[in-house]
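Q: Could you take me through this structure, helix packing to begin with? I shall have follow-ups.

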Amino acid sequence: MTRADLMGLLLAFIARLITGAQGHWKGCPPKAEQRIYFANHQSHLDWVLIWAALPRELRACTRPIAARDYWTSSPFKQWLTSAVFNAVYVSRTRVDDQDPLEPLVDALKAGDSLVIFPEGTRSNKDEPKPFKSGLFHLAEQFPGVQLIPAWIDNVQRVMPKGEVVPVPILCTVTFGVPLQLLPDEDKRAFLDRARAAVLDVRPGRA
Amino acid sequence: MNFDLHALRNLSVNGQVALLFVILFGLLLLVSAGILVYTLNETSEKRRERNVQMLRDLRAVWIGAVVFWLAWMSGPVGATIAFGVFSFLALREFITLVRTRRGDHRSLLLAFFVALPLQYLLVGLRAFDLFTVFVPVYVFLAIPVVSALAGDPERFLERNAKIQWGITVCVYGLSHAPALLLLNLPGYDGRGAFLLFLLVMVTATAQIVQELASRKLRRRPMVRQIDRSFSFRAWALGVLAAALMGAALFWITPVDPLRAAALSALAGGCGNLGELVMRALKKDAGVRYWGNRSSVTGAVGLLDRVAPLCFAAPVFFHAVRWYFI
(Lines give C-alpha, C1' and ligand atoms only; values in the text may rest on other atoms or scores of the structure.)
Protein backbone atom coordinates (compact mmCIF):
# COMPACT_ATOMS: atom_id res chain seq x y z
CA MET A 1 0.00 0.00 0.00
CA THR A 2 1.46 3.34 -1.00
CA ARG A 3 1.43 6.56 0.96
CA ALA A 4 -1.24 7.94 -1.35
CA ASP A 5 -3.54 4.97 -0.62
CA LEU A 6 -3.07 5.50 3.11
CA MET A 7 -3.84 9.21 2.74
CA GLY A 8 -6.99 8.27 0.85
CA LEU A 9 -8.11 5.89 3.58
CA LEU A 10 -7.35 8.51 6.23
CA LEU A 11 -9.36 11.20 4.43
CA ALA A 12 -12.28 8.83 3.92
CA PHE A 13 -12.14 7.91 7.62
CA ILE A 14 -12.16 11.58 8.68
CA ALA A 15 -15.05 12.31 6.31
CA ARG A 16 -16.99 9.39 7.82
CA LEU A 17 -16.18 10.49 11.37
CA ILE A 18 -17.27 14.08 10.82
CA THR A 19 -20.23 13.63 8.46
CA GLY A 20 -21.14 9.95 8.35
CA ALA A 21 -20.84 10.29 4.53
CA GLN A 22 -23.77 7.99 3.96
CA GLY A 23 -24.47 7.05 0.36
CA HIS A 24 -28.13 6.35 -0.41
CA TRP A 25 -28.46 4.57 -3.75
CA LYS A 26 -32.10 5.33 -4.51
CA GLY A 27 -32.16 5.31 -8.30
CA CYS A 28 -29.29 2.99 -9.19
CA PRO A 29 -27.00 0.45 -7.52
CA PRO A 30 -23.32 1.27 -6.91
CA LYS A 31 -21.83 -0.57 -9.88
CA ALA A 32 -18.51 -0.42 -11.68
CA GLU A 33 -19.93 1.07 -14.88
CA GLN A 34 -18.65 4.16 -16.58
CA ARG A 35 -20.59 7.05 -15.10
CA ILE A 36 -20.72 10.82 -14.77
CA TYR A 37 -22.04 11.83 -11.38
CA PHE A 38 -23.36 15.40 -11.27
CA ALA A 39 -24.30 17.06 -7.99
CA ASN A 40 -25.14 20.30 -6.21
CA HIS A 41 -22.14 22.26 -4.99
CA GLN A 42 -22.21 24.10 -1.66
CA SER A 43 -18.92 23.46 0.02
CA HIS A 44 -15.27 22.56 -0.44
CA LEU A 45 -16.06 19.23 1.19
CA ASP A 46 -18.48 18.11 -1.54
CA TRP A 47 -15.96 16.09 -3.51
CA VAL A 48 -14.53 14.30 -0.46
CA LEU A 49 -18.06 13.49 0.66
CA ILE A 50 -19.13 11.90 -2.64
CA TRP A 51 -15.83 10.07 -2.79
CA ALA A 52 -16.17 8.71 0.76
CA ALA A 53 -19.78 7.70 0.08
CA LEU A 54 -18.69 5.54 -2.87
CA PRO A 55 -17.73 1.92 -2.17
CA ARG A 56 -13.97 1.54 -2.00
CA GLU A 57 -13.62 -0.36 -5.26
CA LEU A 58 -15.36 2.46 -7.17
CA ARG A 59 -13.16 5.20 -5.71
CA ALA A 60 -10.10 4.27 -7.75
CA CYS A 61 -11.80 4.80 -11.13
CA THR A 62 -13.94 7.82 -10.16
CA ARG A 63 -12.13 11.11 -10.70
CA PRO A 64 -12.81 14.72 -9.69
CA ILE A 65 -12.14 17.85 -11.75
CA ALA A 66 -9.57 20.26 -10.30
CA ALA A 67 -8.56 23.76 -11.36
CA ARG A 68 -4.99 23.46 -12.62
CA ASP A 69 -3.71 26.85 -11.43
CA TYR A 70 -4.89 26.35 -7.81
CA TRP A 71 -4.34 22.63 -7.29
CA THR A 72 -0.83 22.50 -8.77
CA SER A 73 0.44 25.62 -6.98
CA SER A 74 2.21 23.69 -4.20
CA PRO A 75 3.81 20.22 -4.11
CA PHE A 76 1.35 19.04 -1.45
CA LYS A 77 -1.74 20.16 -3.39
CA GLN A 78 -0.32 18.62 -6.52
CA TRP A 79 0.35 15.34 -4.73
CA LEU A 80 -3.10 15.33 -3.08
CA THR A 81 -4.97 15.89 -6.33
CA SER A 82 -2.86 13.70 -8.60
CA ALA A 83 -1.64 10.80 -6.44
CA VAL A 84 -4.54 10.49 -3.98
CA PHE A 85 -7.58 11.57 -6.00
CA ASN A 86 -6.28 11.10 -9.56
CA ALA A 87 -7.95 14.39 -10.52
CA VAL A 88 -8.54 15.64 -14.05
CA TYR A 89 -6.93 19.09 -14.34
CA VAL A 90 -8.67 21.84 -16.27
CA SER A 91 -7.46 25.39 -16.84
CA ARG A 92 -9.75 28.20 -15.82
CA THR A 93 -8.13 30.67 -18.21
CA ARG A 94 -9.34 29.89 -21.70
CA VAL A 95 -6.73 29.49 -24.41
CA ASP A 96 -8.16 30.19 -27.89
CA ASP A 97 -7.16 27.03 -29.70
CA GLN A 98 -8.09 24.62 -26.90
CA ASP A 99 -11.43 23.14 -25.92
CA PRO A 100 -11.78 23.46 -22.12
CA LEU A 101 -13.55 20.09 -22.02
CA GLU A 102 -10.66 18.28 -23.69
CA PRO A 103 -9.14 16.80 -20.48
CA LEU A 104 -12.57 15.48 -19.48
CA VAL A 105 -13.11 13.95 -22.90
CA ASP A 106 -9.70 12.25 -22.65
CA ALA A 107 -10.57 10.83 -19.24
CA LEU A 108 -13.91 9.48 -20.45
CA LYS A 109 -12.22 7.97 -23.52
CA ALA A 110 -9.85 6.20 -21.13
CA GLY A 111 -12.89 4.62 -19.44
CA ASP A 112 -12.86 6.57 -16.16
CA SER A 113 -15.91 7.86 -14.30
CA LEU A 114 -16.16 11.56 -13.40
CA VAL A 115 -17.78 13.68 -10.71
CA ILE A 116 -18.77 17.13 -11.88
CA PHE A 117 -20.52 20.08 -10.29
CA PRO A 118 -22.35 21.68 -13.23
CA GLU A 119 -23.14 24.90 -11.34
CA GLY A 120 -19.50 25.80 -11.94
CA THR A 121 -19.11 27.40 -8.54
CA ARG A 122 -20.27 26.97 -4.95
CA SER A 123 -23.69 28.40 -4.23
CA ASN A 124 -24.79 29.34 -0.75
CA LYS A 125 -28.45 29.36 -1.70
CA ASP A 126 -30.77 26.51 -0.95
CA GLU A 127 -31.41 25.69 -4.60
CA PRO A 128 -28.64 25.10 -7.13
CA LYS A 129 -27.83 27.75 -9.75
CA PRO A 130 -28.55 27.11 -13.45
CA PHE A 131 -26.25 24.43 -14.88
CA LYS A 132 -23.39 25.24 -17.25
CA SER A 133 -23.27 23.57 -20.63
CA GLY A 134 -20.33 21.18 -20.08
CA LEU A 135 -22.62 18.39 -18.96
CA PHE A 136 -24.64 18.67 -22.18
CA HIS A 137 -21.56 18.44 -24.42
CA LEU A 138 -20.27 15.41 -22.55
CA ALA A 139 -23.68 13.71 -22.75
CA GLU A 140 -23.74 14.39 -26.49
CA GLN A 141 -20.28 12.96 -27.10
CA PHE A 142 -20.61 9.93 -24.80
CA PRO A 143 -24.12 8.51 -25.10
CA GLY A 144 -22.94 5.22 -23.54
CA VAL A 145 -21.90 6.81 -20.23
CA GLN A 146 -24.55 6.85 -17.50
CA LEU A 147 -25.45 10.28 -16.08
CA ILE A 148 -26.26 9.98 -12.38
CA PRO A 149 -27.80 12.94 -10.51
CA ALA A 150 -26.76 13.25 -6.85
CA TRP A 151 -27.84 15.50 -3.99
CA ILE A 152 -25.45 16.26 -1.14
CA ASP A 153 -27.45 17.15 1.93
CA ASN A 154 -26.53 19.14 5.03
CA VAL A 155 -22.92 19.81 4.08
CA GLN A 156 -23.30 23.60 4.26
CA ARG A 157 -23.91 23.19 7.99
CA VAL A 158 -20.65 21.27 8.42
CA MET A 159 -18.44 24.02 7.10
CA PRO A 160 -20.07 27.35 6.24
CA LYS A 161 -18.20 29.71 3.93
CA GLY A 162 -15.27 31.38 5.68
CA GLU A 163 -14.80 28.71 8.36
CA VAL A 164 -11.91 26.26 8.33
CA VAL A 165 -12.77 23.70 11.02
CA PRO A 166 -15.70 21.40 10.22
CA VAL A 167 -18.44 20.70 12.79
CA PRO A 168 -19.53 17.05 13.07
CA ILE A 169 -22.99 16.89 11.49
CA LEU A 170 -24.37 13.93 9.55
CA CYS A 171 -24.57 14.33 5.78
CA THR A 172 -26.01 12.13 3.08
CA VAL A 173 -25.34 11.73 -0.62
CA THR A 174 -28.40 10.50 -2.48
CA PHE A 175 -27.93 9.05 -5.96
CA GLY A 176 -30.89 9.18 -8.34
CA VAL A 177 -32.12 7.48 -11.50
CA PRO A 178 -29.72 7.74 -14.49
CA LEU A 179 -30.59 10.50 -16.95
CA GLN A 180 -30.65 10.15 -20.76
CA LEU A 181 -30.13 12.82 -23.36
CA LEU A 182 -33.26 12.58 -25.55
CA PRO A 183 -32.90 12.63 -29.36
CA ASP A 184 -32.74 16.23 -30.61
CA GLU A 185 -33.22 17.64 -27.12
CA ASP A 186 -32.31 21.31 -26.84
CA LYS A 187 -29.25 22.24 -24.74
CA ARG A 188 -31.15 24.49 -22.33
CA ALA A 189 -34.00 22.00 -21.94
CA PHE A 190 -31.57 19.20 -21.11
CA LEU A 191 -29.66 21.28 -18.57
CA ASP A 192 -32.88 22.34 -16.85
CA ARG A 193 -34.02 18.73 -16.77
CA ALA A 194 -30.66 17.71 -15.26
CA ARG A 195 -31.00 20.38 -12.59
CA ALA A 196 -34.54 19.23 -11.81
CA ALA A 197 -33.23 15.64 -11.53
CA VAL A 198 -30.69 16.74 -8.93
CA LEU A 199 -33.38 18.60 -6.96
CA ASP A 200 -35.61 15.53 -7.26
CA VAL A 201 -33.33 13.23 -5.25
CA ARG A 202 -33.18 15.72 -2.40
CA PRO A 203 -34.32 13.95 0.80
CA GLY A 204 -37.61 15.04 2.30
CA ARG A 205 -39.22 15.48 -1.13
CA ALA A 206 -41.92 13.10 -2.18
CA MET B 1 -30.91 -21.97 46.78
CA ASN B 2 -27.65 -23.77 47.28
CA PHE B 3 -25.59 -20.87 46.05
CA ASP B 4 -22.83 -19.74 48.39
CA LEU B 5 -22.73 -15.95 48.23
CA HIS B 6 -19.89 -15.76 50.71
CA ALA B 7 -17.67 -17.78 48.42
CA LEU B 8 -18.46 -15.29 45.65
CA ARG B 9 -17.63 -12.34 47.88
CA ASN B 10 -14.36 -13.97 48.85
CA LEU B 11 -13.16 -14.33 45.27
CA SER B 12 -10.49 -11.85 44.21
CA VAL B 13 -11.72 -8.72 42.40
CA ASN B 14 -10.40 -9.92 39.07
CA GLY B 15 -11.95 -13.32 39.64
CA GLN B 16 -15.32 -11.70 40.25
CA VAL B 17 -15.05 -9.51 37.18
CA ALA B 18 -14.04 -12.50 35.07
CA LEU B 19 -17.04 -14.41 36.41
CA LEU B 20 -19.29 -11.47 35.58
CA PHE B 21 -18.15 -11.46 31.97
CA VAL B 22 -18.41 -15.25 31.69
CA ILE B 23 -22.03 -15.02 32.88
CA LEU B 24 -22.76 -12.05 30.62
CA PHE B 25 -21.38 -13.63 27.45
CA GLY B 26 -22.86 -17.02 28.36
CA LEU B 27 -26.34 -15.49 28.64
CA LEU B 28 -25.81 -13.55 25.43
CA LEU B 29 -24.80 -16.70 23.57
CA LEU B 30 -27.92 -18.50 24.77
CA VAL B 31 -30.19 -15.58 23.83
CA SER B 32 -28.48 -15.21 20.44
CA ALA B 33 -28.87 -18.90 19.67
CA GLY B 34 -32.55 -18.67 20.58
CA ILE B 35 -33.09 -15.60 18.40
CA LEU B 36 -31.19 -17.10 15.46
CA VAL B 37 -33.38 -20.21 15.54
CA TYR B 38 -36.49 -18.03 15.86
CA THR B 39 -35.54 -15.89 12.84
CA LEU B 40 -35.17 -18.96 10.57
CA ASN B 41 -38.92 -18.75 10.15
CA GLU B 42 -39.54 -16.23 7.36
CA THR B 43 -43.08 -17.12 6.42
CA SER B 44 -44.65 -13.68 6.10
CA GLU B 45 -43.45 -10.24 5.08
CA LYS B 46 -44.27 -8.85 8.52
CA ARG B 47 -42.33 -11.64 10.18
CA ARG B 48 -39.33 -11.01 7.95
CA GLU B 49 -39.32 -7.32 8.84
CA ARG B 50 -39.46 -8.16 12.52
CA ASN B 51 -36.59 -10.62 12.09
CA VAL B 52 -34.40 -7.97 10.50
CA GLN B 53 -35.22 -5.59 13.34
CA MET B 54 -34.49 -8.27 15.93
CA LEU B 55 -31.13 -9.19 14.40
CA ARG B 56 -30.20 -5.53 14.28
CA ASP B 57 -31.01 -5.11 17.98
CA LEU B 58 -29.10 -8.29 18.78
CA ARG B 59 -26.06 -6.97 16.95
CA ALA B 60 -26.30 -3.73 18.92
CA VAL B 61 -26.39 -5.68 22.20
CA TRP B 62 -23.33 -7.69 21.16
CA ILE B 63 -21.42 -4.58 20.18
CA GLY B 64 -22.39 -3.03 23.52
CA ALA B 65 -21.21 -6.08 25.47
CA VAL B 66 -17.91 -6.30 23.59
CA VAL B 67 -17.26 -2.58 24.05
CA PHE B 68 -18.03 -2.95 27.75
CA TRP B 69 -15.55 -5.82 28.00
CA LEU B 70 -12.85 -4.01 25.99
CA ALA B 71 -13.38 -0.91 28.13
CA TRP B 72 -12.82 -2.97 31.25
CA MET B 73 -9.78 -4.78 29.83
CA SER B 74 -8.03 -1.61 28.74
CA GLY B 75 -8.46 0.15 32.07
CA PRO B 76 -9.32 3.79 32.77
CA VAL B 77 -7.91 5.14 29.50
CA GLY B 78 -9.77 2.66 27.30
CA ALA B 79 -13.05 3.09 29.14
CA THR B 80 -12.86 6.85 28.95
CA ILE B 81 -12.04 6.83 25.24
CA ALA B 82 -14.77 4.30 24.41
CA PHE B 83 -17.50 6.32 26.12
CA GLY B 84 -16.03 9.53 24.72
CA VAL B 85 -16.53 8.14 21.22
CA PHE B 86 -20.12 7.19 22.07
CA SER B 87 -20.73 10.71 23.36
CA PHE B 88 -19.28 12.17 20.18
CA LEU B 89 -21.52 10.05 17.94
CA ALA B 90 -24.62 10.74 20.05
CA LEU B 91 -24.00 14.49 20.08
CA ARG B 92 -23.35 14.44 16.32
CA GLU B 93 -26.73 12.79 15.84
CA PHE B 94 -28.48 15.22 18.17
CA ILE B 95 -26.98 18.33 16.53
CA THR B 96 -27.93 17.00 13.08
CA LEU B 97 -31.59 16.94 14.07
CA VAL B 98 -31.86 20.34 15.70
CA ARG B 99 -31.65 23.13 13.18
CA THR B 100 -28.55 25.18 13.85
CA ARG B 101 -27.56 28.39 12.10
CA ARG B 102 -24.28 29.65 10.73
CA GLY B 103 -23.72 31.73 13.85
CA ASP B 104 -23.63 28.55 15.93
CA HIS B 105 -20.52 27.24 14.22
CA ARG B 106 -18.01 28.35 16.87
CA SER B 107 -20.26 27.23 19.74
CA LEU B 108 -20.54 23.80 18.15
CA LEU B 109 -16.78 23.60 17.72
CA LEU B 110 -16.45 24.45 21.41
CA ALA B 111 -18.95 21.72 22.31
CA PHE B 112 -17.39 18.99 20.18
CA PHE B 113 -13.69 19.72 20.37
CA VAL B 114 -13.23 21.39 23.77
CA ALA B 115 -16.08 20.58 26.18
CA LEU B 116 -16.38 16.91 25.22
CA PRO B 117 -12.67 15.95 25.42
CA LEU B 118 -12.17 17.94 28.62
CA GLN B 119 -15.14 16.30 30.33
CA TYR B 120 -13.77 12.85 29.52
CA LEU B 121 -10.26 13.90 30.51
CA LEU B 122 -11.67 14.82 33.92
CA VAL B 123 -13.27 11.37 34.16
CA GLY B 124 -10.03 9.67 33.20
CA LEU B 125 -8.14 11.66 35.85
CA ARG B 126 -10.83 10.78 38.42
CA ALA B 127 -11.20 14.51 39.19
CA PHE B 128 -14.81 13.94 40.26
CA ASP B 129 -15.38 17.27 41.99
CA LEU B 130 -14.53 19.32 38.92
CA PHE B 131 -16.16 16.69 36.70
CA THR B 132 -19.52 17.27 38.40
CA VAL B 133 -19.51 21.04 37.86
CA PHE B 134 -17.54 21.45 34.64
CA VAL B 135 -20.50 21.24 32.23
CA PRO B 136 -23.25 22.81 34.41
CA VAL B 137 -21.07 25.77 35.40
CA TYR B 138 -18.20 26.46 33.01
CA VAL B 139 -19.53 25.16 29.70
CA PHE B 140 -22.95 26.60 30.52
CA LEU B 141 -21.42 30.06 30.74
CA ALA B 142 -18.95 29.68 27.87
CA ILE B 143 -21.39 28.61 25.15
CA PRO B 144 -23.58 31.77 25.14
CA VAL B 145 -20.45 33.96 25.26
CA VAL B 146 -19.04 32.34 22.13
CA SER B 147 -22.47 32.49 20.57
CA ALA B 148 -22.86 36.21 21.34
CA LEU B 149 -19.43 36.90 19.87
CA ALA B 150 -20.64 35.35 16.61
CA GLY B 151 -23.05 38.30 16.39
CA ASP B 152 -26.27 36.62 15.33
CA PRO B 153 -29.21 37.70 17.55
CA GLU B 154 -31.83 35.66 15.65
CA ARG B 155 -33.51 33.13 18.02
CA PHE B 156 -30.49 33.50 20.30
CA LEU B 157 -31.92 31.92 23.45
CA GLU B 158 -33.49 29.02 21.59
CA ARG B 159 -30.31 28.13 19.71
CA ASN B 160 -28.19 28.25 22.84
CA ALA B 161 -30.69 26.22 24.82
CA LYS B 162 -30.60 23.49 22.20
CA ILE B 163 -26.81 23.24 22.20
CA GLN B 164 -26.68 23.30 26.02
CA TRP B 165 -29.28 20.58 26.24
CA GLY B 166 -27.42 18.40 23.76
CA ILE B 167 -24.19 18.76 25.70
CA THR B 168 -25.86 18.05 29.03
CA VAL B 169 -27.55 14.86 27.83
CA CYS B 170 -25.02 13.44 25.36
CA VAL B 171 -21.78 14.48 27.08
CA TYR B 172 -22.49 15.20 30.74
CA GLY B 173 -25.05 12.44 31.21
CA LEU B 174 -23.18 9.72 29.38
CA SER B 175 -19.83 10.61 30.94
CA HIS B 176 -21.20 9.34 34.26
CA ALA B 177 -21.06 5.79 32.92
CA PRO B 178 -17.23 5.60 32.77
CA ALA B 179 -17.18 7.62 35.99
CA LEU B 180 -18.97 4.73 37.71
CA LEU B 181 -16.35 2.39 36.30
CA LEU B 182 -13.58 4.51 37.79
CA LEU B 183 -15.22 5.41 41.08
CA ASN B 184 -13.17 4.20 44.03
CA LEU B 185 -15.49 3.58 46.95
CA PRO B 186 -14.09 2.75 50.38
CA GLY B 187 -13.82 -1.05 50.65
CA TYR B 188 -15.00 -1.51 47.06
CA ASP B 189 -11.79 -0.83 45.13
CA GLY B 190 -11.64 -1.89 41.51
CA ARG B 191 -15.22 -3.16 41.37
CA GLY B 192 -16.65 -0.19 39.45
CA ALA B 193 -17.49 -2.44 36.51
CA PHE B 194 -20.13 -4.10 38.69
CA LEU B 195 -21.86 -0.79 39.30
CA LEU B 196 -21.88 0.01 35.58
CA PHE B 197 -23.10 -3.51 34.84
CA LEU B 198 -25.89 -3.12 37.39
CA LEU B 199 -26.86 0.24 35.90
CA VAL B 200 -27.03 -1.12 32.35
CA MET B 201 -28.93 -4.24 33.45
CA VAL B 202 -31.57 -2.39 35.48
CA THR B 203 -32.19 0.35 32.90
CA ALA B 204 -32.56 -2.30 30.19
CA THR B 205 -34.89 -4.38 32.40
CA ALA B 206 -37.04 -1.38 33.26
CA GLN B 207 -37.27 -0.44 29.58
CA ILE B 208 -38.23 -3.92 28.39
CA VAL B 209 -40.76 -4.50 31.17
CA GLN B 210 -42.39 -1.12 30.63
CA GLU B 211 -42.65 -1.83 26.91
CA LEU B 212 -44.24 -5.25 27.49
CA ALA B 213 -46.51 -3.95 30.25
CA SER B 214 -47.84 -1.08 28.16
CA ARG B 215 -48.63 -3.56 25.39
CA LYS B 216 -50.48 -5.96 27.68
CA LEU B 217 -52.25 -3.44 29.91
CA ARG B 218 -53.58 -1.19 27.16
CA ARG B 219 -54.19 1.60 29.65
CA ARG B 220 -55.31 5.03 28.56
CA PRO B 221 -52.11 6.84 27.54
CA MET B 222 -51.10 9.70 29.83
CA VAL B 223 -49.57 11.84 27.12
CA ARG B 224 -51.11 10.78 23.85
CA GLN B 225 -49.43 13.56 21.87
CA ILE B 226 -45.97 12.33 22.79
CA ASP B 227 -46.15 8.60 23.34
CA ARG B 228 -49.24 6.53 22.69
CA SER B 229 -48.20 3.73 25.01
CA PHE B 230 -46.80 5.49 28.07
CA SER B 231 -48.94 5.01 31.17
CA PHE B 232 -48.21 5.47 34.83
CA ARG B 233 -48.94 1.84 35.67
CA ALA B 234 -46.58 0.52 32.99
CA TRP B 235 -43.89 2.89 34.19
CA ALA B 236 -44.38 1.74 37.80
CA LEU B 237 -44.10 -1.90 36.70
CA GLY B 238 -40.83 -1.05 34.95
CA VAL B 239 -39.51 0.53 38.15
CA LEU B 240 -40.61 -2.50 40.16
CA ALA B 241 -38.87 -4.88 37.75
CA ALA B 242 -35.70 -2.79 37.99
CA ALA B 243 -35.88 -2.97 41.80
CA LEU B 244 -36.27 -6.76 41.72
CA MET B 245 -33.37 -7.10 39.29
CA GLY B 246 -31.25 -4.88 41.54
CA ALA B 247 -32.12 -6.93 44.62
CA ALA B 248 -31.24 -10.13 42.75
CA LEU B 249 -27.88 -8.69 41.77
CA PHE B 250 -27.12 -7.17 45.19
CA TRP B 251 -24.11 -9.47 45.67
CA ILE B 252 -22.14 -7.56 43.04
CA THR B 253 -22.81 -4.21 44.76
CA PRO B 254 -21.31 -2.82 47.94
CA VAL B 255 -24.77 -2.54 49.56
CA ASP B 256 -27.48 -4.79 51.01
CA PRO B 257 -30.42 -6.08 48.90
CA LEU B 258 -32.84 -3.36 50.05
CA ARG B 259 -30.52 -0.50 49.15
CA ALA B 260 -29.55 -2.20 45.88
CA ALA B 261 -33.25 -2.38 45.03
CA ALA B 262 -33.75 1.31 45.89
CA LEU B 263 -30.78 2.40 43.76
CA SER B 264 -31.98 0.23 40.87
CA ALA B 265 -35.54 1.53 41.07
CA LEU B 266 -34.19 5.07 40.91
CA ALA B 267 -32.04 4.30 37.85
CA GLY B 268 -34.77 2.36 36.04
CA GLY B 269 -37.36 5.05 36.67
CA CYS B 270 -35.07 7.84 35.47
CA GLY B 271 -34.08 5.87 32.38
CA ASN B 272 -37.68 5.31 31.33
CA LEU B 273 -38.60 8.94 31.91
CA GLY B 274 -35.53 9.87 29.86
CA GLU B 275 -36.85 7.75 27.04
CA LEU B 276 -40.17 9.59 27.22
CA VAL B 277 -38.32 12.92 26.99
CA MET B 278 -36.45 11.67 23.91
CA ARG B 279 -39.78 10.71 22.33
CA ALA B 280 -41.01 14.26 22.87
CA LEU B 281 -37.82 15.57 21.33
CA LYS B 282 -38.22 13.31 18.30
CA LYS B 283 -41.79 14.51 17.81
CA ASP B 284 -40.51 18.07 17.96
CA ALA B 285 -37.83 17.34 15.36
CA GLY B 286 -40.42 15.57 13.22
CA VAL B 287 -38.90 12.10 13.08
CA ARG B 288 -40.31 8.77 14.10
CA TYR B 289 -36.92 7.13 14.58
CA TRP B 290 -33.49 8.69 14.93
CA GLY B 291 -32.27 5.86 12.76
CA ASN B 292 -31.77 5.28 9.08
CA ARG B 293 -35.40 4.65 8.24
CA SER B 294 -36.39 8.26 8.73
CA SER B 295 -33.98 9.12 5.89
CA VAL B 296 -33.65 12.62 7.27
CA THR B 297 -30.01 12.27 8.12
CA GLY B 298 -29.00 8.68 7.67
CA ALA B 299 -28.04 8.63 11.32
CA VAL B 300 -27.09 5.35 12.93
CA GLY B 301 -29.73 5.45 15.67
CA LEU B 302 -27.27 5.46 18.55
CA LEU B 303 -28.97 8.27 20.45
CA ASP B 304 -32.11 6.15 20.79
CA ARG B 305 -30.16 3.40 22.49
CA VAL B 306 -28.10 5.50 24.87
CA ALA B 307 -30.86 7.95 25.87
CA PRO B 308 -32.10 5.99 28.94
CA LEU B 309 -28.51 5.56 30.07
CA CYS B 310 -27.84 9.30 29.65
CA PHE B 311 -30.68 10.07 32.06
CA ALA B 312 -30.11 7.25 34.52
CA ALA B 313 -26.31 7.44 34.85
CA PRO B 314 -25.96 10.88 36.51
CA VAL B 315 -28.71 10.21 39.06
CA PHE B 316 -27.35 6.75 39.83
CA PHE B 317 -23.81 8.05 40.11
CA HIS B 318 -24.85 10.84 42.43
CA ALA B 319 -26.95 8.55 44.61
CA VAL B 320 -24.12 6.03 44.99
CA ARG B 321 -21.61 8.71 45.78
CA TRP B 322 -23.88 10.60 48.14
CA TYR B 323 -24.59 7.42 50.05
CA PHE B 324 -20.93 6.57 50.47
CA ILE B 325 -19.07 9.82 50.85
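A: In this predicted model, helix H8 (residues 192-217) of chain B and helix H10 (residues 257-285) of chain B have axes that come within 8 Å and cross at roughly 55°. That angle makes H8(B) oblique to H10(B).

Q: What is the handedness of the crossing of H8(B) and H10(B)?

A: The crossing of H8(B) and H10(B) is right-handed.

Q: Which residues make that contact?

A: On the H8(B) side they are Leu198(B), Leu199(B), Val202(B), Thr203(B), Thr205(B), Ala206(B), Gln207(B) and Gln210(B). H10(B) contributes Ser264(B), Ala267(B), Gly268(B), Gly271(B), Asn272(B) and Glu275(B). By class, the contact of H8(B) with H10(B) has 5 nonpolar, 8 polar and 1 charged residues.

Q: And helix H9 of chain B, at what angle do its axis and that of H10(B) cross?

A: Helix H9 (residues 232-248) of chain B crosses H10(B) at roughly 140°, and the two axes come within 7 Å. H9(B) passes H10(B) in a right-handed crossing.

Q: Which residues of H9(B) and H10(B) meet?

A: From H9(B), the residues are Trp235(B), Gly238(B), Val239(B), Ala242(B), Ala243(B), Met245(B), Gly246(B) and Ala247(B). Their counterparts in H10(B) include Pro257(B), Ala260(B), Ala261(B), Leu263(B) and Ser264(B). The contact of H9(B) with H10(B) divides into 12 nonpolar and 6 polar residues, with no charged residues.

Q: Stepping back, how many helices and strands has chain B?

A: Chain B has 11 helices and 0 strands. Its radius of gyration is 21 Å, close to the 20 Å that the globule rule gives for 325 residues, so chain B is as compact as a globular protein of that length. The C-alpha trace of chain B spans about 70 × 55 × 35 Å along its principal axes.

Q: Now chain A: what does it contain?

A: Chain A has 9 helices and 8 strands. With a radius of gyration of 16 Å, close to the 17 Å from the globule rule for 206 residues, chain A is likewise as compact as a globular protein of its length. The C-alpha atoms of chain A fill a box of roughly 45 × 45 × 35 Å, taken along the principal axes.

Q: In what order do the strands of the sheet run?

A: In chain A, 6 strands form an open sheet in the order E1-E8-E7-E2-E6-E3, and the pairing is mixed. Strand E1 (22-25) and strand E3 (62-63) of chain A stand at the edges, each with a single partner strand, so one side of each is left without a neighbour in the sheet.

Q: What joins E2(A) to E6(A)?

A: E2(A) and strand E6 (residues 113-116) of chain A run parallel and are joined by 3 bridges. Phe38(A) has Ile116(A) as its bridge partner in E6(A).

Q: Last topic: how many residues does each chain give to the contact between A and B?

A: The contact takes 14 residues from chain A and 16 residues from chain B. The chain A side divides into 7 nonpolar, 5 polar and 2 charged residues.

Definitions and conventions
Residues numbered from 1 in each chain as written. Chains lettered and ligands numbered in written order. Predicted model: local features only at pLDDT ≥ 70, side-chain atom pairs only at ≥ 80, totals over all residues. Contact = placed C-beta atoms within 7 Å. Nonpolar A, V, L, I, M, F, W, Y, C, P; charged D, E, K, R; others polar. Pairing = 2+ DSSP bridges. Helix = DSSP H or I, 4+ residues; strand = E, 2+ residues; numbered from the N terminus. Axes fitted to C-alpha atoms, helices over the stretch in contact; angles between N-to-C directions. Parallel < 35°, antiparallel > 145°, perpendicular 65-115°, else oblique. Left-handed = near helix turned anticlockwise from the far one by under 90°. Rg over C-alpha atoms; globule rule 2.2 N^0.38 Å.
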